[in-house]
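User: I'd like to learn how to read a few features of a protein model. Could you take me through them one at a time?

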Amino acid sequence: MTRLPIHVRRRWVRLSILVLSALASFALGWILLDSGQYEDYEQLVAWIGLFVSMAALLVSLAQLFPTLPPPTDAGQLADDLAVSVRAQWEEEVAARSLRTPRVIPLEWSATRRPVAAPPEELHRGASDGLVLRPSLNGRLEGDFDAAARRLAEGYRRTPAGRLVVLGEPGSGKSVLAAILTLGLLAGREAGAPVPVLLTLAGWDPLGESLKDWIERTLGTAYYGGRTEIPRMLLRAQRLLLVLDGLDEMPEASRRDAVRTINTTCGDGVGVVLTCRSTEFQDVIAGGAPVLRRAPVVEVAPVSTADIIAYLSDTDWPEGVQWEPVYTHLRENSDEPVAAALSTPLALTLARTVYRSSDRDPGELLGFDSSHAVQDHLLDHIVTAAYAPEPGRDGGRDTDGWEHDAKQAEKYLTYLAVYLQQHRERDLVWWLLSQRLSSPLTGLAVGTAVGLLATFTMIARILSVGPGGDAPLPEETVMVGVGCAILATIVWYAAPGASPGALSLRREGSLGRLGRGFSTGLKLAATPAIPVCVAGGIALSFSGGWNEADLAEIIMPTAAVCGGVIAFCLALAVNSWLDAPPEHSKKASPADLLRQDRASSLTGALAGGAFFGATVVPLCSIIWSTVLIIFSAATSNPIPISTATFIRDNLSSNFAYSSTLSFILTTPLPGAVFSLLILLTRAWPRFSILRLSLAIQGKLPWRLMRFLSDARDRQLLRQSAGAYQFRHIRLQERLASLAPAHDRNAAVPHTGQRTFQAATGATAVALLLTGALLIPDTSDRPPFEFIDTGHVSSMTFGPPGAEHLITVDKHGNVKSWNTETGDEVAPPDHSIPKDYLESSDEFSSPPILTSDGLLHSTQSGMMVSDPTVSEDEDGIFPSYTHELFPWGKRELSLRMKFTAGRIDHASTGLRYLLRSDIAEYSNSLRRLDTRTNTKLDCKIPDKLIGENWSLSGNGARAAAGEGKRIHMMNFTNCKRTDDLWSGNKTIDSLALSHNGRKLALNAGGVTWIRTIAH
């Protein structure tokens, strides 16, 4: 299928945005016009114009984010990669000390083994049909750069650019491959193929194609995990593959590997393959095809003369005598010590071991096999590497170096066992977490995140002080449990992250933003679709659909959609920061760790900050907008402007009682989002594992520093962003010395079974938590509202009592269970009926408190009431306020010292509320009857004289005005108002003792709602 050009696709995107905006504006205008909510056509036009303006803004913003530029020429990309590869291997050669004292002489010649292609295929020229027969014999010695140059010249004479290098273990095949890579890079012309040295031990030919493995390996090592450029270079035949260590692959995979190399790398793709001689011969004898058009050379053992010359060129410590060994080598060239030292590996081991100790090299003559000689050298190489430098008193660390050597050997042995268990050579730090972490790590991480969220909520409770609108205990626990479950699921659902890199490129921004947004939609749709389908089916079978049912589904769904949009946008921001690099970079394991740490922290913090800042506003705006449209569509318009409604809704959601409580609460969603993002990245997972293993004593606290130091001591080497033991023999030897229970220990699995177990555990935890937090309602029918009828006044019962007391205009007292909605026995009181009645339109509704009825009567006149004004004198009416208790046997309480009208009172008459007093401006006054102090909070003129209700603890007051609920928090005198979502005018209000519940009577129905803030 032909893909449209990018400029055509962008044009269609702009056109789609404009068309959708026009359709949305038309539909909204039709609904609002049909409902009669907007009789002012100018306001309607302005509202529709807002949508069109937003669409134009989106189109304009899209122009600021250019798409990715056309791919750079493959030759330029190859030149860029060549610089990074050369810098990497120059550093590695220096770390291995291959330039000093000089290159160990290596000789090779055409192999006599039956493993090469026929001569007529091997030497046929590709262009003119001539048969070329270059010499396959060679010798490498002397200056490193000169040796590399000669080796590269010899390779270029091969007709097809293909070569197989065989040799015994430790014969120098890997060193030869590194020298060849640098030699080819030094003489490379612009635009020519780039030699890249890759270790085959990390490739599984049965599970991954050769092309995918090459692209992934090069992408991780040089391009921040991106595979686009390696794919382009491979297709353009701008890579020369130096594949090292076929023998280090599992035996069952070697034949498939050779067959895949033959089929994947056609003519024009240079290939250099190294392998042990016996293993390669077994592969060919087992049915694998020979490498097409590739000559096969075999590295010869180091001669006795070259062994003596190399060892004699070293400055040995005083007392280290090699002459007996030299004499033995000259006279017995076929003895075990001669065979062992005929490999560059054994030569460098012997040089390191005896140069860093006072051991006698003559002990090598006592072993009966070359293998035993090499094992002896390997057993002492770690101690020698940590010994002080010879000839100096200071050295590296002369104090306690033996302890350091023992600790290092312990750590390296653990890593060697790990690699042997996974049949690998590459020590890749980002794979350690998913392989070595305990199956219970995810549950521990989830628990830690849940506790952190819980402590944050507790800090929020403490920050608001007594009487404030703190979260309820069950809300605190549910937030903690929810965060714990989310963190646990994320840990097990995303186990295999590769390191990323931070980039701030504008090019391709729309693609990255779209990728992150679509990822969020997929994640949200996974649980949302089944829940919506199941809920719709259940509602259909439970009694059908009606307007009330639709409202109960649509309004919460609208709020959730706002949260989903904020979630998707935050993921888009996180994805935008993960841009493909413009150039290749030389990346060591430490570099990859630093890059991923910077990328992880920046992306998580940016996404979390965006989510925390937008989730509440988006939920409020979308909820308000949907409510407006739904009300208009159902012919129940909201009697205020859209902007005012959204503003009021936002105001109520951001009504925090203090700056500290805002700081402790608002960032919580963003912090949770950031933590969840971090749990999907490589660096946080590696850090958690590193700390866990360090606590167990299996690895050091500073693992990457230890590995870098081990590389400097030439115990490890570095290849394509991973560490390796300097030779497979060292890895095998250390692993063989580990205790049997460590070698046979089961490898932790984090696959499907672990994920299923973790999911089951979290589900059980969720059910148990729900069982503890949710009251038993098996014997109680569910209710949505209390059918109390029209109520003139009402109050919640005493603290701890789950009932509501209502009084109608005829003075009838009823009591209702707020948990079930059932009517229960009314209080047995002796309050005069005429005190409870309010049938006269000029009479005020009775003042009900949780203690009883507060009745006021004028008892005379009072001069200079100090509770009214401290600066003015005057004559005021004096009232007697009497509290008639709900119980017959309880005594009434009278007060005479207060002048003026009382709106409401708290429990025990501790606080009295008045709204008809103004010293400097209209205020809502709370009088403290114990301390004789007052607190004035400003209110608008329209709220003076309204029927205010005070919570039992005196911390909060509420009043109803039409369809609007006004709240006053006396802890900071902050007033908020919210719109009652029903269609009837509010008749009366009541607040619970702690002010967290509000009873609202409208249209003969009483609703109980929890106040969020």
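User: Let's start with R713: does R713 count as buried or exposed?

Analyst: Some ground rules before that. This is a predicted model, where local features need pLDDT of at least 70 and side-chain atom pairs count only at pLDDT 80 or more, while totals for chains, interfaces and linings use all residues. Residues are numbered from 1 along each chain as its sequence is written, and side-chain values use heavy atoms, with hydrogens and water left out. Now the general idea: buried means under 20% relative accessible area, exposed over 50%, and partly exposed in between, using a 1.4 Å probe and protein chains only. R713 has 15% relative accessibility, so R713 counts as buried.

User: Which residue forms a salt bridge with R713?

Analyst: The idea is a side-chain nitrogen of Lys or Arg within 4 Å of a carboxyl oxygen of Asp or Glu. Here the partner is D709, and the closest N and O atoms are 2.7 Å apart. D709 is partly exposed, at a relative accessible area of 25%.

User: How many salt bridges does the structure hold?

Analyst: There are 22. One of them pairs the side chains of R188 and D79, at 2.7 Å from N to O. That pair links distant parts of the chain, 109 residues apart: R188 is in the loop between helix 6 (173-186) and strand 4 (194-199), and D79 is in helix 3 (residues 74-95). Helices (H or I, at least four residues) and strands (E, at least two) are DSSP runs, numbered from the N terminus. R188 counts as buried at 18% relative accessibility, whereas D79, at 25%, counts as partly exposed.

User: What about R910 and D928, where do they lie?

Analyst: Their side chains also meet in a salt bridge, 2.8 Å from N to O. R910 sits in the loop between strand 18 (904-905) and strand 19 (911-918) and D928 in strand 20 (residues 922-928), so the pair ties together parts that are 18 residues apart in sequence. R910 is partly exposed with a relative accessible area of 22%, and D928 counts as buried at 9%. Salt bridges can also share partners, and that joins D375, D379, R729 and R733 into one network.

User: Switching to sheets, what is the strand order in the open sheet of four strands?

Analyst: Strands of a sheet pair through backbone hydrogen bonds, either parallel or antiparallel. Two strands count as paired if DSSP finds at least two bridges between them. In this sheet the order is 10-11-12-13, with antiparallel pairing. Strand 10 (793-796) and strand 13 (823-824) are the edge strands, each pairing on one side only. Strand 11 (residues 803-807) and strand 12 (residues 813-817) are joined by five bridges, and H803 stands opposite N817 in strand 12.

User: Which residues form the nonpolar patch on the surface?

Analyst: Patches take residues with over 30% relative accessible area and no salt bridge; like charges are joined within 9 Å, nonpolar side chains (Val, Leu, Ile, Met, Phe, Trp, Tyr) within 5 Å. Accessible areas come from the Shrake-Rupley method with a 1.4 Å probe, and for residues only the protein chains shown count as cover. Here L451, F455 and I458 make up the patch, with about 280 Å² of accessible area together. L451 is in helix 18 (residues 441-464) and is partly exposed, at 44%.

User: And which residues is E141 in contact with?

Analyst: Contact means heavy atoms within 4.5 Å. Setting aside neighbours within four places in sequence, E141 touches P105, A147 and R150. E141 belongs to strand 2 (residues 138-142).
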